[in-house]
Amino acid sequence: WNFRRTQKRRYRGALDALRAAVQDWKQGPRLSFIADLGDIIDQQCESNNDSHRALSLVLREWETAPAPVFHLLGNHELYNFNRAEIAKLIPGIYPWWRSFRAADGWRVLILDAYGINVVEKDGGQSVEDGLAYLSQYNPNDLRAPRGQRDLAE
């Protein structure tokens, strides 16, 4: 369930869906590249102390993809790992800002949407910058543990 318990989460089939997609891509027309838009493991892996195992399973499926895979950083990666860990664990995800030529006349730009954030594991300057920015406009305790609610709501 989501945090408000209004919608059931259905990620259990995600690994099978990736496996099926890779097989389909192998049989279909030739691909120039594949974009992984991030969030390749669930945030709950961090809570369950299962992050490394889950990431390993997913990356094993990506290894068989029939074209270069460009991984992008998502908030779920940041919930589970800090940037130094992510750069070591996920092939080709670093540098955070980059570009590549996808085909004649096409250049793809990859930007870091989390340069300033409040979710990165172990904090860091980008989290401090994010908290400072949000504190200007949000009276709540932004350093409270995740999932905790302000009783004044």
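I note that the model is predicted, with local features needing pLDDT of at least 70 and side-chain atom pairs counted only at pLDDT 80 or more, while totals for chains, interfaces and linings use all residues. Residues are numbered from 1 along each chain as its sequence is written, and side-chain values use heavy atoms, with hydrogens and water left out.

Fold. I counted six helices and four strands in the chain, taking DSSP runs of H or I with at least four residues as helices and of E with at least two as strands. Read from the N terminus, the order is α-β-α-α-β-α-α-β-β-α.

Extent and burial. I found that the C-alpha atoms fill a box of roughly 55 × 35 × 25 Å along the principal axes. Of the 153 residues, 30% are buried, meaning under 20% relative accessible area with a 1.4 Å probe, protein chains only.

Contacts. Among contacts (heavy atoms within 4.5 Å) with a separation of 6 or more, I see 58% between residues 24 or more positions apart.

Cavity. I searched the whole structure and found one cavity of 30 Å³ or more, a cavity being a set of points on a 1 Å grid over the protein atoms alone where a 1.4 Å probe fits but cannot get out. The largest cavity has a volume of about 50 Å³, which is the space filled by probe spheres set on the points, joined across faces, edges and corners. Its lining residues (an atom within 4 Å of a point) are H71, L72, L73, I93, W96, R98, I110, L111 and D112.

Methods: On a 1 Å grid over the protein atoms alone, a cavity is a set of points where a 1.4 Å probe fits but cannot get out, and a pocket is an open set with protein on both sides within 12 Å along at least five of seven lines; lining residues have an atom within 4 Å of a point. Buried means under 20% relative accessible area, exposed over 50%, partly exposed in between (1.4 Å probe, protein chains only).
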